[in-house]
Amino acid sequence: MTDRLQDRSLGLSALAAILAAIALARLLALIVSPSELGFDEAQYVLWARHFDFGYFTKPPLIAWMIAAESQVCGTGAACVRSVVPLVNSATAFVLALLAARLYGVRTGFWTGLFFAIMPGIAVSSFLITTDPLLLFFWSVALYAVFLQIEEPGLRPALLFGLAAGLGLNAKYAMIYLPALVALAGGLLPELRSRLFRRESLVALGVMTLLIAPNLVWNALNGFATFEHTAHDNIGWSLSRLNARKGFEFFGAQFGIAGPVIFGAMLNALILKARSERPRTDVLLLILSWPILFAITIQGFLAQANVNWGATAYPAGAIVATALVVRHRWSFFFWTNLIVCGLASLVILLGTAFFDPGEAPGAGKQLRQLAGWEKTAESIEALAAKTDARRIVVESRALTAGIAYALRDSGLEVFGYLPKGESPTDQFQLEQPWNGDDDREGTLLLGFGKGDLDRLGASLVAIIDAPIYAADDGTMPVYGFGSGRKGADPAPR
């Protein structure tokens, strides 16, 4: 019997049980968590109320999934997020199956576990975002790529097309994988006859067919999602060139993947560390590192959120784990297991018991997950007192949070869209208010002084609003009519 844990083959059945237990623990943490939905999450829930093939900032799959969830357990934070731990554990198991196919069951087991306890995966398990769905379909499509390499045919091509098409409906970053597969075929001559076949056209056809309704929606709506991606996310311009954000993104990947897994990926890239299957190692590096390079460059050109490199880790985690479990020093294996395991546990306990509203000033990201319900109560009380029936909010983030919190109040929430300007979010697209619309019974939140002066609005009240956008826990509310300069706070 070996004395090294990483040399033991615990089996994929045992892994499935462990991943199910991890998902269950994360679900229980969500149920007891005091955390509310952040504004991006709130936006997706509001989208889910109206079926469509596209939405302003994202493709439609996340809204479809939330709509299905809401039929089962409603639109509360725990319900909306409940599918994510299940999806992340499923993704880990798919990667384990692939790793077992490539390197053996031992590597498969540890790949699945290491992926599930990655800090980035642990954090994402408690938020409803597009990344978990993207990573699941990416992993299924990655599995199909290796099936095609082993036994070329129609079935792997159809599986790839189906997974890639659904992945595109989750997030457009799915398009990286077909591009990387083409790159691999160009760089590795022995793969060309297996990757560049007639079946590959079938795969691309299925993928295109599945994303086609979203493309049509974009065409009918001024290519809104593409415009958002190009201008708000990519946003290249001379004024945004910088010498810092690319390094920040790259450095943050040690935290996203864990220092050992990301370090092993670097070791494979720079020092050319290899397993007993070097060509497989190289292929997995081709299917991961170009994403991190591209996003790092994007950071220097404008900005790069730390999660934008997430699709590097399905392939990256497999090759990194293969190297870690084979290394003659157990130190790296145990360091990853302990560091990432403890990080995952801390994140789970923090989700379950820590109130994000109590985060210090520097924790503004956490404070996005608190205070919306109390703010909504203040708004409802003021609306009842002033006979208001319409709430107009400036900025996408604030509008999403307020609209979700007021979803069952009977108050209408509109996005402020000044005359002559084009919509920049879903609220401005579907429920705009431009200042010339009906003003009676209208309250304004989040407006700057310039817009207030232009509209001729006056202060109505100062309400309790313990949200991220209100540094002192209060927010002024404006309206039309008599107004009350220096108004007292609304009843608490």
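**Setting up.** I number residues from 1 along each chain as its sequence is written, and my side-chain values use heavy atoms, with hydrogens and water left out. Since the model is predicted, I keep local features at pLDDT of at least 70 and side-chain atom pairs at pLDDT 80 or more, while totals for chains, interfaces and linings use all residues. My helices are DSSP runs (H or I, at least four residues), numbered from the N terminus. I take axes as lines fitted to C-alpha atoms over the stretch in contact, with angles from 0 to 180 degrees between N-to-C directions.

**Entry: H8 and H10.** I looked up helix H8 (residues 131-150) against helix H10 (residues 176-187) and found an angle of about 25°, with the axes 11 Å apart. The two are therefore roughly parallel (angles under 35 degrees count as such). Their crossing is right-handed (the near helix is turned clockwise from the far one by less than a right angle). In contact (heavy atoms within 4.5 Å) I list Trp-138, Ala-141, Leu-142 and Val-145 from H8, and Tyr-176, Leu-177, Leu-180 and Val-181 from H10. By class this contact has eight nonpolar, no polar and no charged residues (Ala, Val, Leu, Ile, Met, Phe, Trp, Tyr, Cys and Pro are nonpolar, Asp, Glu, Lys and Arg charged, and the others, Gly among them, polar).

**Entry: H12 and H13.** Next I took helix H12 (residues 198-220) and helix H13 (residues 224-234), whose axes come within 7 Å and cross at roughly 85°. That makes them roughly perpendicular (65 to 115 degrees). Here Leu-215, Trp-217 and Asn-218 of H12 touch Ala-224, Thr-225 and Phe-226 of H13, a set with four nonpolar, two polar and no charged residues.

**Entry: H6 and H19.** Helix H6 (residues 105-116) packs on helix H19 (residues 330-353) at about 40°, axes 10 Å apart. I therefore log the pair as oblique, and the crossing as left-handed (anticlockwise instead). Trp-110, Leu-113 and Phe-114 of H6 meet Phe-333, Asn-336 and Leu-337 of H19.

**Entry: the second largest pocket.** I read a volume of about 440 Å³ here. For the search, a pocket is an open set of points on a 1 Å grid where a 1.4 Å probe fits, with protein on both sides within 12 Å along at least five of seven lines, and lining residues have an atom within 4 Å of a point. I count 23 lining residues, with Glu-36, Ala-370, Gly-371, Trp-372 and Pro-466 nearest the centre. H21 gives the largest share, three residues. By class I have 12 nonpolar, four polar and seven charged residues in the lining.

Key. Angles under 35 degrees count as roughly parallel, over 145 as roughly antiparallel, 65 to 115 as roughly perpendicular and the rest as oblique. Grid points are joined across faces, edges and corners, and a volume is the space filled by probe spheres set on the points.
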